[in-house]
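This briefing sets out a ligand site, the strands beside it and several local backbone features. Please consult the sequence and the structure shown here while reading.

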Amino acid sequence: MKISVLTLFPEMFDSLNHSILKRAIEAGFLEVKFYNIRDYSLDRHQKCDDYSFGGGEGMVMMPQPVYDALEAADPNHNAHRIYLSPKGRTFNQSIAKEVSKFSHIVLLCGHYEGLDQRIIDHYIDEEISIGDYVLTGGELAAQVVIDCVARLQEGVLGNDKSAHFESFENNRLEYPHYTRPRDFMGHSVPEVLVSGDHKAIQKWREQESKILTKKHRPDLLKD
Ligand code: ADE
């Protein structure tokens with residue numbers, strides 16, 4: 001999968017150079033390319049923002065540098081273009097799965113008060129928000145999308161099964177996990193997990209998953 005990131009702050013993506021994502025990129029499962037929007041500004045001072053028509057506080061990202069960066073990243077509009085914004089539909093595991101199926105996505109990160117609406121209306125395929133809060137820019141949101149989508153690519157997680165039994169599958173939160181030692185500071189592992197009875201273990205995990213979902217995310221049980 002190819003991911004093109006359009007941003008005013010490419011250095012904010014240094015976190016991609018770690019762990020599973022780093023290996024995914026090195027192994028060729030993922031290609032992430034950065035386009036610094038400022039490089040596409042035709043302004044003498046590489047200005048990328050301007051005052052809002054109609055007045056009001058805050059600056060708006062100008063359409064020209066963003067349009068040219070989009071043209072550079074995706075000249076024939078073959079990619080799925082996403083604008084990260086608090087006004088978008090809220091990202092979740094099911095949207096991550098949808099997005100992970102595209103061979104090329106463009107992630108456009110906004111800054112200031114927002115982006116000229118004409119770019120969104122005419123050159124973007126969808127707006128995605130990562131939650132009901134306002135970040136200073138779309139960069140952290142883009143990293144959330146990259147991380148979620150990358151781990152769904154075949155081959156990225158060592159064991160392909162590990163993406164299948166986890167939270168949000170079947171609208172449930174995942175059951176709790178334990179590892180050695182069996183006793184930690186007087187706290188022991190649930191007996192059933194060391195019983196060797198696989199049927200009982202599966203039943204216990206299903207029960208725990210339901211209890212946890214009911215406690216933390218009752219909204220998931222309504223669908
Ligand atoms: N940019 C600012 N806030 C955001 C959010 N919640 N989700 C995505 N992009 C954003």
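**Strand pairing around β5**

I82 has L107 of β6 as its bridge partner. The chain passes from β5 through helix α3 (residues 93-100) to β6, and this β-α-β crossover is right-handed; the term right-handed applies if, with the strands pointing away from the viewer, the path from the first strand over the helix to the second runs clockwise. The model is predicted, so that local features need pLDDT of at least 70 and side-chain atom pairs count only at pLDDT 80 or more, while totals for chains, interfaces and linings use all residues. Residues are numbered from 1 along each chain as its sequence is written, and side-chain values use heavy atoms, with hydrogens and water left out.

- β5 and strand β6 (residues 104-109) run parallel and are joined by 5 bridges; two strands pair if DSSP finds at least two bridges between them.
- Helices (H or I, at least four residues) and strands (E, at least two) are DSSP runs, numbered from the N terminus.
- β5 also pairs with β7 in the parallel sense, over 5 bridges.
- Within that pairing, Y83 has E127 of β7 as its bridge partner.

**The ligand site**

- The residues around the ligand are L84, S85, P86, I128, S129, I130, G131, Y133, V134, L135, G137 and A141; a residue is near a molecule or strand if one of its heavy atoms lies within 4 Å of it.
- By class, this shell holds 8 nonpolar, 4 polar and no charged residues. Ala, Val, Leu, Ile, Met, Phe, Trp, Tyr, Cys and Pro count as nonpolar, Asp, Glu, Lys and Arg as charged, and the others, Gly among them, as polar.
- β5 gives the most to the shell around the ligand, with 3 residues.
- A backbone N or O atom of S85 lies 3.2 Å from a nitrogen atom of the ligand, and for a backbone N or O atom of G131 the distance to a ligand nitrogen atom is 3.2 Å.
- For L135, a backbone N or O atom is 3.0 Å from a nitrogen atom of the ligand. A polar contact is a pair of N or O atoms within 3.5 Å; within protein, one must be able to donate a hydrogen and the other to accept it, and residues adjacent in sequence count only if both atoms are side-chain atoms.
- The ligand taken alone exposes 260 Å², of which the protein buries 96%. Accessible areas come from the Shrake-Rupley method with a 1.4 Å probe, and for residues only the protein chains shown count as cover.
- Two or more residues of the shell come from each of the elements β5 (80-90) and β7 (126-129).
- A141, one of the residues around the ligand, lies in helix α5.
- A141 counts as buried because its relative accessibility is 5%; buried means under 20% relative accessible area, exposed over 50%, and partly exposed in between (1.4 Å probe, protein chains only).
- A141 and F168 are 27 residues apart in sequence, and their C-alpha atoms are 19 Å apart in space.

**The loop between α2 and β5**

- D74 is placed in the loop between α2 and β5, and D74 is buried, with a relative accessible area of 2%.
- A polar atom of the D74 side chain lies 3.1 Å from the backbone nitrogen of A79.
- H77 is found in the loop between α2 (63-73) and β5.
- Phi of H77 is near 50 degrees, a positive value in a residue other than glycine.
- H77 is partly exposed, because its relative accessible area is 33%.

**Other backbone features**

- Most residues other than glycine have a negative phi, and most peptide bonds are trans.
- Y112, in the loop between β6 and α4 (117-123), has a positive phi near 60 degrees.
- With a relative accessible area of 34%, Y112 is partly exposed.
- The peptide bond from R180 to P181 is cis, with omega near 5 degrees.
- P181 has its place in the loop between α5 (139-150) and β8 (183-184).

**Strands β1 and β2**

- Strand β1 (residues 2-7) pairs with strand β2 (residues 31-36) in the parallel sense over 6 bridges.
- S4 has K33 of β2 as its bridge partner.
- From β1 the chain crosses through helix α1 (residues 19-26) to β2, and this β-α-β crossover is right-handed.
- L30 is found in the loop between α1 and β2, and L30 is buried, with a relative accessible area of 2%.
- L30 and Q46 are 16 residues apart along the chain, and their C-alpha atoms are separated by 31 Å.
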